[in-house]
Amino acid sequence: MTADQLMPWLPRPDDTWPDQFARLQAMVDAALSGGEADARIGDLVRQVAGIEPSPREQMRLGRLARKLRQLPPQALPLRPVRIGLAGSANVSFLAGALPGAGLARGLCIEAAEAPYGSLQPLAHGGGRGFFPDGLDALVVLADEAAVGAPVSLTDQDGADAAVRAFETLLGALADTMAETHGAALVVATQPEAAGSVSSADWTLPGSKLRLRRRLNEVIAEGAAARRWLLWDMAELAARVGLNRWLDPVGYHHAKAPFRVDLSHMAGDHLSAVLAAKFGVAPRGLVLDLDNTLWGGVIGDDGVAGIRIGSGSSEGEAYAQFQKFLLGLRERGLVLTASSKNDDAVAREPFRTHPDMVLKEEHFAVLQANWNDKATNIATIASNLTLGTGSFVFVDDNPAERARVRQELPAVHVPEIGDDPADYTPRLVASRLFEHLPLTDEDLKRADAYGAQAQRLELSEKLGNYDSYLESLDMTLAVSAFDDVGLPRIAQLINKSNQFNLTTRRYSEADVRKMADDGTLTFQARLSDRFSDHGMIAVIIARLQESVDGGGTDLRIDTWLQSCRVLERGVEAALMNVVMDEAVRLGVRTVIGEYVRTARNGMVADFYPKLGFERLEETDTGALFVAEPGTWPRQEHKIALAGGQDPAG
């Protein structure tokens, strides 16, 4: 990290930035004045926000975020979230920076600051007034001051009591946020070395160093148990350096937890965690090959001439980078490659070079041709049924990076540096790969997308689509919500945006309650001859009295599916299950709701395609209705697993 650049993975704004910003601002102003929202707003937001901004540009991005929040949901190209901040320090600087920083992460953040020192009241049900319109998450910056420090450096009992009090406080905050606000709790770790006087502080139970370590362990253990999410602010402080992170004068004047000029960087770091929480974090990478995964040009230098592995510092750096990428794949990130090359030439290093860490099977798509990189990335995204915003593009060539930024603004394009030794540290620092605690489905995701590519190849060979679907040997298992599936159910509800009929968000605590309040719940898992996709669909429905009092209706509150299984007939098979349950319950009509957003246009005709009639238009979408007794059952090529109970 250079002295003048805190975020080197982001490009500096060029001379065209002011004009781009002015054009975007004019579009937003026109939409707010009653005009139709320009479809290019989303692209321009990505372009103007995806930079390392100066203080003046930070202010302009913050004002832009406030304007974007006023757009109607169907015109908003970002995920809107309301975030509260509270702590034993002053969080106003972070609250001010967070909206502008969130734009580059695909978030439109409204931030509200709780009164200083209000953690205890918040933990016991207070705080409704500081965010009266609701809350999606509360971010807490709490240290030993939140519960009182031990009396002396050697006071083991006092230190133990402080740790227990801290855990109790966080537990109460998590419970209150879930039960009162339906919100997640996000807890920041604190720099451990702050205030250390001697190496012997590690031996003193009451020292700030030792106590901070124990409090951070409480935060980590609670996050592992899914009681709250963890924001590793301590990692950011260590990377920046404590002398630069801490501001003693600012702390005594305003209780600032870090230097004010680092507020945007802190906001960006926190936004990465929020992006993972709310389903807009990247899911995969598109990698260049020559001088990105190895040194040299395979077409010119041959396998023996490229530089990878031991023998040179450069080769070791490329090998280390490949190990890092393989580690990302083990976390569920999808690896793809796009190279301007002949296919056979591009594949040869993976097959024959002894020091190659990555192999062909590690890539869901390994694409080599002479097309434009932006065109290739769009094709990769389409083949894997992912949006372009789901990808990080990594290429050593600045011209290629600039081209992709221009043509595909939703793609994340980090600056990786000129030396391969910088590639891994830059990508780590970017926090582009933040994720929630991993589920089994997350760990299988990379293999699942590889199987998706195999299925596409099979489809092209067979030609006839019905024959292709039959050849997949698909099996769908449908059951009510249960404790095993709970983390994945909540994850899908909070991150699915495209194939999501209403985009209603429910916390893990909300989902757990549904098992006990008569709500009908359905979780669906799909497997085929290539892979087990895990959970791919969630449906929530509620019984209600008919408007005329003449019977009972079943209203579908939530219907969402993973885009990995589009055009498979899953929705037809599931609707048959829902309708069978409606018949069993004696339901008169089933009502389906579509709530329009900026990202779910693909399901606007979901209900009509499945035999529902339009009931009425609403301000945000439409209602549809079908009578279970006369509804036409849907044909599909999926076998239903036996022994399943589809109703909750």
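Begin with the charged side chains: the 66 positive and 88 negative charges of the protein have mean positions 2 Å apart, where Lys and Arg count as positive and Asp and Glu as negative, with His and the chain ends not counted, and where each charge is placed at NZ of Lys, CZ of Arg, CG of Asp or CD of Glu. This is a predicted model, in which local features need pLDDT of at least 70 and side-chain atom pairs count only at pLDDT 80 or more, while totals for chains, interfaces and linings use all residues. Residues are numbered from 1 along each chain as its sequence is written, and side-chain values use heavy atoms, with hydrogens and water left out.

Next, display the C-alpha trace, which spans about 80 × 70 × 55 Å along its principal axes. Switching to a cartoon shows 23 helices and 17 strands, taken as DSSP runs (H or I, at least four residues, for helices; E, at least two, for strands) and numbered from the N terminus. Of the 648 residues, 56% count as buried, meaning under 20% relative accessible area with a 1.4 Å probe and protein chains only.

Now select residues 373-383, helix H15, whose buried residues are Lys373, Ala374, Asn376, Ile377, Ile380 and Ala381. Looking down the axis of H15, you find these residues within an arc of 160°, so they line one face of the helix; the arc is that of the directions from the helix axis to the C-beta atoms.

Note on methods:
Buried means under 20% relative accessible area, exposed over 50%, partly exposed in between (1.4 Å probe, protein chains only).
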